[in-house]
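Here is a friendly walk through one protein model. Please keep the sequence and the 3D view open as you read.

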Amino acid sequence: MSGTGGAMGTVQSVDRALDLLEALAGRGGEAGISELSAATGLPYGTIHRLLRTLLARGYVRQESDRRYALGGALVRLGGVAERMVGAWAQPYLEKMVALSGETANLAVLEGDFIVYVAQVPSPRRLRMFAEVGRRVLPHSTAVGKVLLADRPAGEVAALVERTGMPRRTANTITDLPGMLAELERVRARGYAMDLGEEELGVHCLAVGVHDGSRTVAAMSVSGPAERIETLDREELAEGMRRIAGDFGAELGGSL
């Protein structure tokens with residue numbers, strides 16, 4: 001069943017198995033065979049064969065309605081990977097703190113949630129904290145907007161349909177058209193803002209981390225609104241993009 005394909009000599013069966021896992025992740029961690037086939041372009045027979053192996057290894061499980069979901073074996077791998085990425089991110093987050101004077105964070109999109117995986121605090125007495133391991137919905141955070149902006153509109157709509165868009169503050173965007181318009185602005189300017197949308201009085205600016213082909217994480221600085229508002233956003237974002245670009249290059253070279 002295994003073969004090779006592509007200029008890089010990738011193993012076809014491994015590529016296809018990873019396509020299935022990524023398709024499941026892109027649908028909130030659960031999907032049916034027809035959805036997986038539509039997402040990957042693979043025939044049903046191939047999907048069934050790959051799923052049998054993934055089921056046996058615990059990377060996928062089958063639900064009572066015969067749909068498939070990501071399995072518990074991924075938790076172990078994910079936890080180790082997050083700790084490693086968090087450790088790699090520390091010097092780059094420190095540079096963002098030096099650049100902005102504010103707390104710097106690294107976050108990823110896991111299923112439908114944003115997870116904070118690393119942080120370097122501001123040296124200032126009054127500073128912001130996002131606890132490492134904290135899970136939040138993406139619509140009300142700058143890091144979430146950056147990561148959603150890399151996804152197709154249909155995928156964003158499906159995520160919002162699953163989670164809703166609860167109002168965290170009076171500033172939170174709570175409708176899909178408003179969010180899609182916001183994501184267009186994020187793509188156009190190359191950074192995202194959270195202007196008291198997750199927590200009143202706290203502002204954040206975030207940029208994406210790219211591994212060469214996709215946005216794999218987001219890096220942000222956050223602080224009291226009155227301090228963030230005194231910063232030159234474009235200048236700060238430009239510096240943050242350079243730092244995130246260096247980090248992405250390291251990640252890409254490690255994969």
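Predicted model: local features only at pLDDT ≥ 70, side-chain atom pairs only at ≥ 80, totals over all residues.

Residues are numbered from 1 along each chain as its sequence is written, and side-chain values use heavy atoms, with hydrogens and water left out.

**The sheet**

Let us begin with an open sheet of six strands, in the order β8-β7-β6-β11-β10-β9, with antiparallel pairing. Its edge strands are β8 (135–136) and β9, each of which pairs on one side only. Strands here are DSSP runs of E with at least two residues, helices are runs of H or I with at least four, and both are numbered from the N terminus. Two strands count as paired if DSSP finds at least two bridges between them.

| Strand pair | Bridges | A bridge pair |
|---|---|---|
| β6 (residues 103–110) and β11 (residues 215–224) | five | A107 and A218 |
| β10 and β11 | nine | H210 and T215 |

How many of the residues of β10 are buried? Eight of the nine are, so β10 is largely enclosed by the rest of the structure. Buried means under 20% relative accessible area, exposed means over 50%, and partly exposed lies in between (1.4 Å probe, protein chains only).

**Two hairpins**

β10 takes part in a hairpin with β9, which has six residues between the strands, and there G196 takes a positive phi near 70°. β10 also forms a hairpin with β11, with four residues between them; in that turn, G212 has a positive phi of about 115°.

E197 sits in the loop between β9 (192–195) and β10 (202–210). With a relative accessible area of 6%, E197 is buried. Its side chain makes a polar contact with the side chain of K145, at 2.7 Å. A polar contact is a pair of N or O atoms within 3.5 Å; within protein, one must be able to donate a hydrogen and the other to accept it, and residues adjacent in sequence count only if both atoms are side-chain atoms. Leaving aside residues up to four places away in sequence, E197 touches H139, S140, K145, R168, T169, N171, T172 and I173, where contact means heavy atoms within 4.5 Å.

P138 lies in the loop between β8 and α5 and is buried, at a relative accessible area of 2%. Beyond residues up to four places away in sequence, the residues that P138 touches include K145, G144 and L148. P138 and R214 are 76 residues apart in sequence and 18 Å apart in space, C-alpha to C-alpha.

**R66**

R66 is in the loop between β4 (60–62) and β5 (68–70). Is R66 buried or exposed? At 61% relative accessibility, R66 counts as exposed. Phi of R66 is near 70°, a positive value in a residue other than glycine. Most residues other than glycine have a negative phi.

**A record annotation**

UniProt, in an unreviewed entry, lists residues 11–72 as "domain: HTH iclR-type"; such annotations may be inferred rather than shown by experiment. Over residues 11–72, the chain is 60% helix and 15% strand, and the end C-alpha atoms are 24 Å apart.
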